[in-house]
Amino acid sequence: MFIYVARFALVCLLLAPFGLNAQAFNPKMPAGVPPVNGPVVENVTMHYIEIAAGSGALAAPAKQYTVHYTGWLRDGTKFDSSVDRKEPLKFVQGRRQVISGWEVGFEGMKVGGKRRLFIPYQLAYGELGRGSIPPKAELIFDVELLDVSDVPATPAAADILLSFSDSEKKVMALAKAVPEEKYAWRPAPGVRSFGEVFVHIASANQLLLNISSSTLSQADLSKAIEAQAKVEKEGASKARVQQMLAESFAAVRKALETATTGSLSRDADFFGTATTRRGVLVMLNTHIGEHLGQAIAYARMNGITPPWSAGN
């Protein structure tokens with residue numbers, strides 16, 4: 001797909017609204033901004049031809065656009081077309097999912113509208129080009145705006161939630177599949193039993209979640225770890241272990257689904273190592289995966305097939 005951006009720096013503020021292109025540029029600045037001498041150089045200018053005016057929803061900022069397009073080089077070489085594939089492209093305006101010329105190329109359009117965009121290389125694939133796009137290539141696109149819609153909300157911690165959800169599902173499925181009498185099984189003396197591994201996951205979820213959201217003193221942290229170890233040795237029933245797991249996963253999921261970008265970047269201390277709240281939650285996720293692997297090994301040693309592997 002030739003539309004997606006090679007990550008070169010966007011030339012910000014180089015594109016005033018299209019209507020200003022025909023106006024004389026005035027470099028004069030307000031008092032307080034030091035004056036400079038020298039000729040004004042025009043670096044980037046983008047043009048378009050309005051082929052057909054649309055009558056539907058306006059291409060508002062930060063909305064999801066559904067578009068059809070065909071792209072050519074200046075010499076007439078066609079390099080890409082969603083029309084030929086019969087597969088419209090969807091992108092969210094402002095998220096840098098497309099080349100810079102596309103970020104502004106739909107401004108003022110309405111659904112049903114068509115334009116021909118003339119995009120300078122600075123707003124396309126830059127001085128190096130990409131794939132079959134030559135260096136410093138001007139791109140010409142015929143675009144049709146098919147739909148404008150609201151963007152589904154994406155949690156700030158969506159990246160962590162992806163693997164967390166998979167681990168949660170597998171831990172809960174395995175905890176259910178292991179027979180109650182096997183919960184006390186351990187591969188060797190001094191090694192956690194089946195039940196203790198599951199309880200360890202649940203209690204560590206709560207502990208690490210606490211660490212991610214508050215600053216615990218060393219004394220409080222030591223007490224929390226001692227309490228965690230004590231809970232693991234209590235020998236809870238299968239039903240109680242599943243309940244503990246479910247409660248801990250629900251607490252973590254709520255924290256991940258409601259976290260904001262700002263809150264995830266807050267400073268945190270992970271057993272003496274400076275990190276962020278996101279860093280602690282990533283470690284929580286890693287910890288679940290580590291002990292899920294341990295529980296899978298226990299299951300295989302006891303002839304128990306993990307439910308998601310049955311039939312494979």
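Which residues of strand β7 (residues 267-270) form its covered face, and which form its uncovered one?

**Figure 1. Overview of the predicted model.** The structure shown is a predicted model, in which local features need pLDDT of at least 70 and side-chain atom pairs count only at pLDDT 80 or more, while totals for chains, interfaces and linings use all residues. Residues are numbered from 1 along each chain as its sequence is written, and side-chain values use heavy atoms, with hydrogens and water left out. The secondary structure of the protein comes to 8 helices and 8 strands, where helices (H or I, at least four residues) and strands (E, at least two) are DSSP runs numbered from the N terminus. The protein is more spread out than a compact globule, because its radius of gyration is 28 Å, well over the 20 Å that the globule rule gives for 312 residues; the radius is taken over C-alpha atoms, and the rule is 2.2 Å times the number of residues to the power 0.38. Along its principal axes the C-alpha trace spans about 80 × 55 × 35 Å. Buried residues make up 38% of the 312 residues, with buried meaning under 20% relative accessible area, exposed over 50%, and partly exposed in between (1.4 Å probe, protein chains only).

Figure 2. The covered face of β7 consists of Ala-268 and Phe-270, whereas Asp-267 and Asp-269 make up the uncovered face. In a regular strand the side chains alternate between the two faces of the sheet. Strand β7 pairs with strand β8 (residues 273-276) in the antiparallel sense over 4 bridges, and two strands are said to pair if DSSP finds at least two bridges between them. Asp-267, on the uncovered face, has Thr-276 of β8 as its bridge partner. The two strands form a hairpin with 2 residues between them, and Phe-271 in the turn has a positive phi of about 50°.

**Figure 3. Strand β5 and its two partners, β1 and β6.** Strand β1 (residues 47-52) is joined to β5 by 5 bridges, and the two run antiparallel. β5 also pairs with β6 in the antiparallel sense, over 6 bridges. Phe-118 can be followed through both pairings: in β5 Phe-118 stands opposite His-47, and in β6 its bridge partner is Ile-140. The loop between β5 (114-119) and β6 holds Lys-136, which has a positive phi of about 50° although it is not a glycine.

**Figure 4. Asp-147 in strand β6.** Asp-147 is found in β6 (residues 139-149) and counts as partly exposed because its relative accessibility is 34%. Not counting residues up to four places away in sequence, Asp-147 touches Gln-64, Tyr-65, Thr-66 and Val-111, where contact means heavy atoms within 4.5 Å. Tyr-121 is 26 residues from Asp-147 in sequence and 27 Å from it in space, C-alpha to C-alpha.

**Figure 5. Arg-96 in a loop.** The loop between β4 (89-92) and α2 (100-105) contains Arg-96, whose phi is near 60°, a positive value in a residue other than glycine. With a relative accessibility of 44%, Arg-96 counts as partly exposed.

**Figure 6. Pro-187 and its contacts.** Pro-187 lies in the loop between α3 (158-177) and α4 (194-213), and at 35% relative accessibility this proline counts as partly exposed. Its contacts, not counting residues up to four places away in sequence, are Arg-192, Tyr-298 and Met-301.

Figure 7. Met-283 lies in helix α8 and is partly exposed, with a relative accessible area of 37%. Thr-305 touches Arg-300 and Ala-310, not counting residues up to four places away in sequence. The C-alpha atoms of Thr-305 and Ala-177 are separated by 8.5 Å, although the two residues are 128 residues apart along the chain.
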